[in-house]
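Trainee: I would like to go through this chain with you step by step, asking about one part at a time.
Mentor: Please do, and we will keep to what can be read from the model.

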Amino acid sequence: MTLSTHVVDFPPAQQAAVRRINAVLARAPRLRTDPWRIEAGQRLSLWLDAAAGAVTVPRLRKRGVTVEIRQTDGETPVPLRILRPEGPPRAVVLDIHGGGWVLGSAGLNDRLNAHLARHGFCVVSVDYRLLSERRGVYIDAAIADCLAAAHWTVTHVDDLGAATVFLTGESAGGHLAALTAVALRDQGLIDKVKGCVFTYGVFDLSGTEGVRSAGPETLLFNGPTMQADLARLAPDRDEEALRRPDVSPLYADLTGLPPALFLAGEYDPLFEDSLLMATRWGEAAEADLIRVPEAPHGFLHFGGPAARGRGRPSVTGSTGA
């Protein structure tokens, strides 16, 4: 098995554009998981989701992408937002959105998922339960919802018009997607999943060294409280328990999993999560890591060369058998 590492090479003008975006983020408020911030953010997220849906659904229809809302079976149905392309899909992409486990929605991922749908993929995006201390909803609920969505997707893949599934997650969604892949393997359902894509994911809830050393200059996040913010996801666990593989996929058995692609920005305090996880994945299966120089967490949403895929990835190393 191997891990191949690629570094995106930006020409000077494009690298300067990346730095201008970083300069704006350096002046922006930092993200934290204070309860009042979470509740206010979730109300805003619901409003944005409704507003975006009213705009994006007609626009997607004009581009040949139809939107369908389904839900899983069981006592706690999970809403699924399905974007279908024109004609038979090349494959199904199961998408788990980001947002720090407390924000975001499947609908707010329409911009990214529509790109996949326009290129012939059927995208199933999961509206998992967002965490709320006030309502007593923690990480186990989000994990259960994503697994239910994955079970529904792999058992309905033929109905969706394809034969294979790709599993993808961004940020908190990367964490949930990795746990979902391991659970599907344990249930004997991983065969239809042909690959995984993890975009600046979180794989160690106890905090890697990059998280622990994050300072006030950290972009997007409030660096000094990052480790404590992660611990709030499972408040009944101490640091050792946060490393257990049921919540931190970095410590899971990764044998028998499909190939994976990891994408991460080098200015992200969570970059080490991707580096360590890609290294471990590469010991058990094929893995590729794309490093984006000077890019912060969440760069796909900030525009500029990093978001548009500009630059040329070059292989810098390959390890394994």
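**A walk through the chain**

Mentor: Among contacts in the protein chain (heavy atoms within 4.5 Å) between residues at least 6 apart in sequence, 79% join residues at least 24 apart. This is a predicted model, in which local features need pLDDT of at least 70 and side-chain atom pairs count only at pLDDT 80 or more, while totals for chains, interfaces and linings use all residues. Residues are numbered from 1 along each chain as its sequence is written, and side-chain values use heavy atoms, with hydrogens and water left out.

Trainee: What percentage of the residues in the protein chain is buried?
Mentor: Buried means under 20% relative accessible area, exposed over 50%, and partly exposed in between, with a 1.4 Å probe and protein chains only. The protein chain has 321 residues, and the buried share of them is 55%.

Trainee: How many helices and strands does the protein chain have?
Mentor: Helices (H or I, at least four residues) and strands (E, at least two) are DSSP runs, numbered from the N terminus. Counted in this way, the secondary structure comes to 10 helices and 10 strands.

Trainee: Which strands pair with β6 in the parallel sense?
Mentor: Two strands pair if DSSP finds at least two bridges between them. On one side of the account, strand β4 (residues 92–96) pairs with β6 over 5 bridges in the parallel sense, and for the other pairing, β6 and strand β7 (residues 193–199) are joined over 6 bridges, again parallel. The names asked for are therefore β4 and β7.

Trainee: Which residues stand opposite threonine 168?
Mentor: Threonine 168 lies in strand β6, and the strand (residues 165–170) is mostly covered, with 5 of its 6 residues buried. Threonine 168 itself counts as buried because its relative accessibility is 15%. Leaving aside neighbours within four places in sequence, its contacts include Val93, Leu94 and Ala177. The residues that stand opposite are aspartate 95 and, in β7, valine 197.

Trainee: Through which helix does the chain cross from β6 to β7, and what is the handedness of the crossover?
Mentor: A crossover is right-handed if, with the strands pointing away from the viewer, the path from the first strand over the helix to the second runs clockwise. The β-α-β crossover from β6 to β7 is right-handed, and the helix is α5 (residues 172–186).

Trainee: Where does serine 171 lie, and what is its phi?
Mentor: Serine 171 is placed in the loop between β6 and α5, and it is buried because its relative accessible area is 10%. Most residues other than glycine have a negative phi. Serine 171 is not a glycine, yet its phi is positive, at about 60 degrees.

Trainee: Which residue of β9 stands opposite leucine 263?
Mentor: Strand β8 (residues 260–265) is mostly covered, 5 of its 6 residues being buried, and 4 bridges join it to β7, with the two running parallel. β8 also pairs in the parallel sense with strand β9 (residues 287–292), over 6 bridges. The residue opposite leucine 263 is isoleucine 290.

Trainee: Through which helix does the chain cross from β8 to β9?
Mentor: This β-α-β crossover is right-handed, and the helix is α9 (residues 271–284).

Trainee: Why do the buried residues of α1 lie on the same side?
Mentor: Helix α1 (residues 12–26) has Gln15, Ala17, Val18, Ile21, Asn22 and Leu25 buried. These lie on the same side of α1 because they cover an arc, taken from the directions from the helix axis to the C-beta atoms, of only 155 degrees. The face turned away from this buried side carries the exposed residues Pro12, Ala13 and Arg20, and what covers the buried residues includes α10 (304–308).

Trainee: How far apart are alanine 106 and leucine 80 in space?
Mentor: Alanine 106 lies in the loop between β4 and α3 (110–118) and counts as buried because its relative accessibility is 0%. Leaving aside neighbours within four places in sequence, it is in contact with Arg81, His97, Ser125, Val126 and Asp127. Alanine 106 and leucine 80 are 26 residues apart in sequence, and their C-alpha to C-alpha distance is 7.6 Å.
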